[in-house]
Amino acid sequence: MKQTLMGNDAIALGLIHAGIDMVSGYPGTPSSEILANFQKYKHHFKLDAYAEWATNEKVGFEVAYAGAIAGKRTCATMKQVGLNVASDALMSAAYIGLKGAMLLVSADDPGFYSSQTEQDSRSFAKFARIPVLDPATPQEAYDMVKLGTKISHLFETVVMLRPVMRVCHAREICEVDEGLSVTPLEGNFERNVPRWGAVPPAGRFRQGLEQLERIEVIKAWNWKELIAPKVAALKGEKVLFLTSGTGDGYVREAVTEQAIKADVLKLDMPYPLPKTELEALFASYAKVVVFEESYPCIEEQLSSPKLYGKLTKHAHEIDEFSKAKVMETLANVGIVKKANPYQSPKFTGELPRRAPNMCPGCPHRDVHYAITDVFKKEHAICPSDIGCYTLGLNQGAIDTILCMGGSVSMASGFAVADPKKAVVATIGDSTFTHSGVAPLINAVYQNHRFVLVILDNSTTAMTGRQTTPERSNPAQVDIKRIVEGCGVACHEYFYEPELSKTIDFVRSLKTAYEKATGPVVAVVREFCVLDKEKVEGQLGRAFVEIDQDLCVECDWCITAFKCPPMHYDENGKMAIDPFLCAGCSSCLDVICPVDAFVEKEEV
Amino acid sequence: MKYQIVIAGVGGQGAVFLVKVLSIAASLAGQKCLGTENHGMSQRGGSVSCYVKLGDFYAPAIDEGQADLLIALEATEALRNLHYLKPNAGTVIVNATSEFPEVAYKVYHTDAFSKARNKAFPIDALNVYMLGFTLAKDPNFPFTCKEIEQAITKMNPKLAEKNINVLHQAINDAKAKA
Ligand code: SF4
Ligand code: SF4
């Protein structure tokens with residue numbers, strides 16, 4: 001049956017058709033829609049399946065892994081940086097293995113479209129010694145979910161699927177199964193202490209040896225099942241291109257469009273590679289070029305003087321692939337003459353940079369503004385975290401960003417290192433439950449003196465508004481009580497669009513901070529303007545415009561508040577774009593030093 | 001047939017919607033189609049560019065100098081993405097005033113913002129309006145109005161009528177101007 005699917009949709013449908021009925025993960029672009037789509041299909045097929053967001057990727061991995069050692073087919077979803085969080089569990093699971101099947105989907109982001117780093121999850125698979133499949137298109141992602149589940153079951157190991165952004169968010173007309181043909185496996189944990197509970201060194205040592213043997217067997221399987229049939233179909237040209245994942249698409253298009261004579265061998269499972277067999281293949285070629293995104297995962301497993309790639313500095317080492325980069329590599333290797341056939345003149349005039357910005361009407365903007373207003377930039381350090389509020393960077397309200405939960409531990413570090421400055425950290429509700437709680441406990445017991453503001457809009461807004469623990473179950477999971485449970489009082493403020501009230505609240509935090517000997521913690525109960533359920537009645541007090549006779553072009557509103565509708569018009573005066581303004585009225589009374597913001601007469 | 005389209009705009013203008021409509025239209029017309037969307041940060045008012053590749057392609061992204069058509073929901077995003085067009089052969093469909101600069105491509109512009117301000121159509125249908133304008137202006141556009149209507153209906157039957165009205169309004173506006 002043909003269906004037009006986005007990659008993440010194809011993966012979700014693949015999970016259903018592979019008989020996976022336990023999915024756990026943490027949202028992160030570009031992986032987020034996988035679990036959400038699985039939930040959608042679960043309802044569509046009336047499947048009795050588990051599919052929930054975990055508090056972080058490690059938790060997500062462990063839930064799915066426990067399911068698999070109890071004999072079910074399971075899946076954990078995350079993005080590449082999330083895999084760092086889950087890696088602790090992954091490394092052990094890779095030794096121990098499993099009974100049913102488990103697919104670990106780690107979505108990569110070559111080109112850093114929405115990530116802190118570009119890291120290649122395939123290298124993590126290599127590090128953990130588990131097989132990894134690298135799809136190039138939504139169709140392949142669908143097929144490889146089924147293949148990976150099969151391999152996982154066959155070899156009793158976690159198998160990684162590594163789609164990149166251009167697969168997750170690509171759209172293709174895919175050939176998929178109809179209906180449901182597999183039945184879910186019954187979970188039944190069988191006690192086996194030497195296997196599931198092995199304690200170092202003897203038990204684990206044996207498992208380590210078994211892992212090495214297993215990876216040899218999988219190498220042989222990779223050759224026989226996946227690579228050899230493709231080798232048989234090669235044309236016998238003088239040069240060989242080894243590709244993996246999306247790299248393959250760029251190479252194939254460049255090869256056809258530029259009429260390059262070459263054999264292209266796509267490695268569906270880039271780790272573990274049958275080194276001996278592949279290197280034997282090189283004998284009949286003059287040159288072998290590796291095209292892979294983003295680290296030299298394939299290249300590192302092979303060696304030959306004929307081999308060209310990132311390690312030999314013939315291919316680019318960072319950023320997404322393109323056909324232009326394929327041609328550049330080929331020129332470097334001496335297969336084509338230099339000159340980029342893919343080039344059109346750029347527009348040379350000046351264009352405004354369009355940095356991602358918080359939505360008009362977003363409460364985060366007010367809180368950032370209030371913090372800088374009350375604590376003053378020169379006297380404060382403001383670590384922040386991963387989420388929409390990170391975009392407070394545009395307001396000049398943030399000094400550091402490291403990783404999920406990092407704002408809380410870094411606040412501790414700054415408080416110790418530079419006690420003359422006030423430290424005011426911000427973190428979102430989802431990030432706080434992800435990995436902010438442990439560092440808060442650390443700060444409480446060691447009496448680190450800083451202010452922590454938890455921005456609680458009760459959703460994981462940045463990745464598309466996935467539900468949070470507190471949202472799903474507010475009676476049991478409540479941030480205020482979590483904070484209190486960590487041993488410190490929690491100041492609470494219910495956000496109002498009147499900026500002066502938010503500023504007053506932050507002032508009260510400053511007073512508390514001045515007297516404090518440990519952390520001062522606050523939760524601001526907000527909403528996300530895109531969250532239709534919660535925003536009702538909270539926005540829309542008044543739309544605004546600028547009294548242009550009053551505006552003195554001081555730049556203050558646009559630098560310190562930076563609401564997207566604010567811009568300079570043809571006369572060089574501040575103006576509000578009526579299509580963008582959410583009518584939250586926050587900017588009305590406090591921000592402008594000459595009160596040029598006025599309520600709009602008619603809307 | 002091979003035809004490559006870049007859709008550019010600002011987060012929130014509905015570029016992704018157009019990718020969906022075009023890929024559904026392709027499947028209804030029995031054509032091969034590969035496209036990409038931008039998610040994440042781009043939701044928050046950043047630049048968004050999406051690709052639709054019709055025909056025999058393997059890589060979802062469009063390279064510079066390769067696109068046949070650029071649909072821009074906003075003028076500066078059009079300029080930012082110009083170099084994706086085939087030199088001397090690309091077509092630009094852009095929401096811009098007559099002040100849009102002279103460029104080395106065939107440009108069709110319409111000031112959709114002013115029209116929306118005058119309540120000619122609701123601003124959240126800007127994307128559909130620009131698609132209608134494309135249908136009227138780009139002679140090589142690989143879909144018929146019927147196919148686009150069917151795709152819009154398949155995507156969201158509830159909003160189909162409203163969207164199809166905007167589509168036709170754009171076509172009529174484009175013809176009236178010519
Ligand atoms: S998505 Fe929600 S939380 Fe994020 S910037 Fe917009 S309003 Fe704020
Ligand atoms: S009222 Fe002011 S702060 Fe609120 S959305 Fe409009 S311009 Fe932005």
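## Salt bridges across the chains

Lys53(B) and Glu253(A) reach each other through their side chains in a salt bridge, 3.1 Å from N to O; the term covers a side-chain nitrogen of Lys or Arg within 4 Å of a carboxyl oxygen of Asp or Glu. The rule finds three salt bridges across the interface of chain B and chain A. Side chains of opposite charge can pair when their charged atoms come close.

A word on the ground rules: this is a predicted model, where local features need pLDDT of at least 70 and side-chain atom pairs count only at pLDDT 80 or more, while totals for chains, interfaces and linings use all residues. Residues are numbered from 1 along each chain as its sequence is written, chains are lettered from A and ligands numbered from 1 in the order in which they are written, and side-chain values use heavy atoms, with hydrogens and water left out.

## The rest of the A–B interface

Chain B puts 50 residues into the contact and chain A puts in 47 residues, contact being heavy atoms within 4.5 Å. Together the two chains bury about 3900 Å², with 59% of it on carbon and sulfur atoms; buried area is the accessible area (1.4 Å probe) that two parts lose on being put together, summed over both.

There are also 14 residue pairs in polar contact between chain B and chain A, both residues at pLDDT 80 or more. A polar contact is a pair of N or O atoms within 3.5 Å; within protein, one must be able to donate a hydrogen and the other to accept it, and residues adjacent in sequence count only if both atoms are side-chain atoms. On the side of chain B that touches chain A, helix H1 (15-28), strand E2 (33-36), strand E3 (47-54), helix H2 (75-81) and helix H3 (112-117) each supply at least two residues. Helices (H or I, at least four residues) and strands (E, at least two) are DSSP runs, numbered from the N terminus. H1(B) gives the most to that side, with six residues.

## Strands that pair

Strand E8 (residues 170-175) of chain A and E2(B) run antiparallel, joined by three bridges; strands pair if DSSP finds at least two bridges between them. In this pairing, Arg171(A) stands opposite Gly35(B).

Chain A also has an open sheet of five strands with parallel pairing, in the order E13-E16-E17-E19-E18. Strand E13 (380-381) and strand E18 (490-494) of chain A sit at the edges with a single partner strand each, so one side of each has no neighbour in the sheet. Six bridges join the parallel strands E17 (residues 451-456) and E19 (residues 520-525) of chain A, and Leu455(A) stands opposite Val524(A) there.

## A tie within chain A

Over all chains, the whole structure has 49 salt bridges. One pairs the side chains of Asp177(A) and Lys146(A), at 2.7 Å from N to O. Asp177(A) is in the loop between E8 and helix H8 (193-196) of chain A and Lys146(A) is in helix H6 (residues 138-155) of chain A, so the pair ties together parts that are 31 residues apart in sequence.

Most residues other than glycine have a negative phi, and most peptide bonds are trans. Thr29(A) and Pro30(A) are joined by a cis peptide bond, with omega about 10 degrees, and Pro30(A) is in the loop between strand E2 (22-25) and helix H2 (33-44) of chain A. Glu156(A), not a glycine, has a positive phi of about 50 degrees.
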